[in-house]
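Colleague: Could you walk me through this model before I set anything up with it?

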Amino acid sequence: MKDLFIKNLKNKILLEDNTIIIENLSEAQKSEPRGRYMNHALFVVKPINVIQVSKVVSLMNDQKIGIIPYSGGTGLVGGQLASEGENSILLSLDKMKKIRNFSSLDNVLTVEAGVILSEIHNYVSEKKRIFPLSLASEGSCQIGGNLATNAGGINVIKYGNARDLCLGLEAVLPDGSIYNGLKSLIKDNTGYDIKNLLIGSEGTLGVITAASLKLYPKPEKTCVSLICMESFEIALKLYNHLFENLHSSINAFEIMNKNGLDFLERAKIPFKDPFKKRSEWILLVELTCTSDDEIEERFYKLLDGFMKKNSIEDVLFAQNERQRLDFWEIREKIPEANRIIGSVSSHDISLPLSNLGSFFDRASKKVMKFSQHLLINCFGHLGDGNLHFNVFPVYGKKKEEFDYLKDDLKDEIYNLVNQLNGSISAEHGIGKLKMLDLYKYSGQTKMEIMLKIKNAFDPNGIMNPNKVVSKEII
């Protein structure tokens, strides 16, 4: 019976346009990166242009069939999956990968949603520009998904999230109508901001099909260093010291714990270890500038003055491009090691910088009260307050031994984040994984507003059903 239903649905799509590509789910599409959920979508539709997207969405709306926009599939909260028993299709944008326009005067690149993020970087680099959005998954994630999830990454401290890097959108709404908002304007106060409703909505309000992206000049100078210390508090003090003096040049300010490097070894992930002795905390700081400013000399002097008063154990400077990449490779491979080892509980959180130290101390004590056989691998984007505070079993133990603690651990961490005016989702989104948490920590009024917006855009509830907000939860 189900096979007949699927066959008939495919035929209806092809009647709309017999050039639309329909495929079975690939192996990669059958689950998400952490393996928490399986994908039960009926099949995959791959339109090649916005008109085909419009036809498919309109038909699915008439049939009341769910649509799950699918980009690179790198999301970590289950937003790209259909639940068991759910009649939904995947709408993959990977055939829509044209670069439509580049304007050197406007510093804008207009691309379709299926363009891989690293391909955008390569294209604009040849134009002596940068598109600052940078993620560990940039070799496979697509710009449509980056915008739908308001992706963060390593350069938020200077350039903002994906939302801040987008000037205009083209999108297909749940009834199949096309929103033509591909402008390249810095100022546009013409009513409600539809673009910023769609960005970060995780595919629940429509399908992003193209975007106008903000570009910046390629930096003439880059200075990258690894700075080692024993105290999380010293790391925060150093950020404040550098921000007061070099704020316009700070491109990234990342923090890693020595457990992150230990995990790379345990997971047998190759990396170049630059340290003779590992300190408890390691900062990766990148400074950039486009002028003749002697950024390195200023940085050296500021660090030297700070070191005389505080406990910095070691400072390494990248001497060339190869070493710069080696430094960054350490930071970017830590999430891969985490997945291999397997966390008991993972938390993508953000807090005001003034509360980060208190959070880390209090949260660490809470974890140790649960069990002495747990350890914390904390890393993330210290400069913008986003930590990945993840709890693992100690070496020799398996995460399954601590499954009974998972929900209680999460509640303790999220309750503390909430008390300290933070967010339970800094950059990964809500998806399927955090729907109940969103409701718990957002309050009734916010959730009712979100549901009204969802119902206004998508009265039939076809767009990425059972993600982010649902009337069943409220």
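This is a predicted model: local features need pLDDT of at least 70, side-chain atom pairs count only at pLDDT 80 or more; totals for chains, interfaces and linings use all residues.

Colleague: OK, how many salt bridges does a search of the whole structure find?

Modeller: The search finds 25 salt bridges, a salt bridge being a side-chain nitrogen of Lys or Arg within 4 Å of a carboxyl oxygen of Asp or Glu. One of them joins the side chains of Arg331 and Glu254, with 2.8 Å from N to O. That pair links distant parts of the chain, since Arg331 lies in helix α10 (residues 321-341) and Glu254 in strand β13 (residues 250-257), 77 residues apart. Helices (H or I, at least four residues) and strands (E, at least two) are DSSP runs here, numbered from the N terminus.

Colleague: And is Glu254 buried or exposed?

Modeller: Glu254 is buried, with a relative accessible area of 1%, and Arg331 is buried too, at 6%. Buried means under 20% relative accessible area, exposed means over 50%, and partly exposed is in between, with a 1.4 Å probe and protein chains only.

Colleague: Which residue does Lys272 form a salt bridge with?

Modeller: Lys272 forms one with Asp326, the closest N and O atoms being 3.6 Å apart. Here again distant parts of the chain are linked, with Lys272 in the loop between α8 (258-266) and β14 (281-289) and Asp326 in helix α10, 54 residues apart. Lys272 is exposed, with a relative accessible area of 52%, whereas Asp326 counts as buried at 10%.

Colleague: What about Asp411, where is its partner?

Modeller: The partner of Asp411 is Lys440, and their closest N and O atoms are 3.9 Å apart. Asp411 belongs to helix α12 (residues 406-419) and Lys440 to helix α13 (residues 435-442), 29 residues apart. Asp411 counts as partly exposed at 26% relative accessibility, as does Lys440 at 48%.

Colleague: Let's switch to α13 then. Which of its residues are buried?

Modeller: The buried residues of α13 are Met435, Asp437, Leu438 and Tyr441. Seen down the helix axis, they fall within an arc of 160°, so they line one face of α13; the arc is that of the directions from the helix axis to the C-beta atoms.

Colleague: What covers them?

Modeller: The cover includes α12 and α14 (444-457), where contact means heavy atoms within 4.5 Å. After α13 comes Gly443, whose phi is positive, near 95°.

Colleague: New topic: what is the strand order in the open sheet of 4 strands?

Modeller: The order is β1-β2-β4-β3, with mixed pairing, and two strands pair if DSSP finds at least two bridges between them. β1 (21-23) and β3 (66-70) stand at the edges, each with a single partner strand, so one side of each is left without a neighbour in the sheet. β1 pairs with strand β2 (residues 44-46) in the antiparallel sense over 3 bridges, and Glu23 has Val44 in β2 as its bridge partner.

Colleague: Which helix packs on the sheet?

Modeller: Helix α2 (residues 50-63) does, touching β2, β3 and β4 (88-92), and its direction makes about 170° with that of β4. For such angles, axes are lines fitted to C-alpha atoms, for helices over the stretch in contact, and angles run from 0 to 180 degrees between N-to-C directions.

Terms used: Residues are numbered from 1 along each chain as its sequence is written. Side-chain values use heavy atoms; hydrogens and water are left out.
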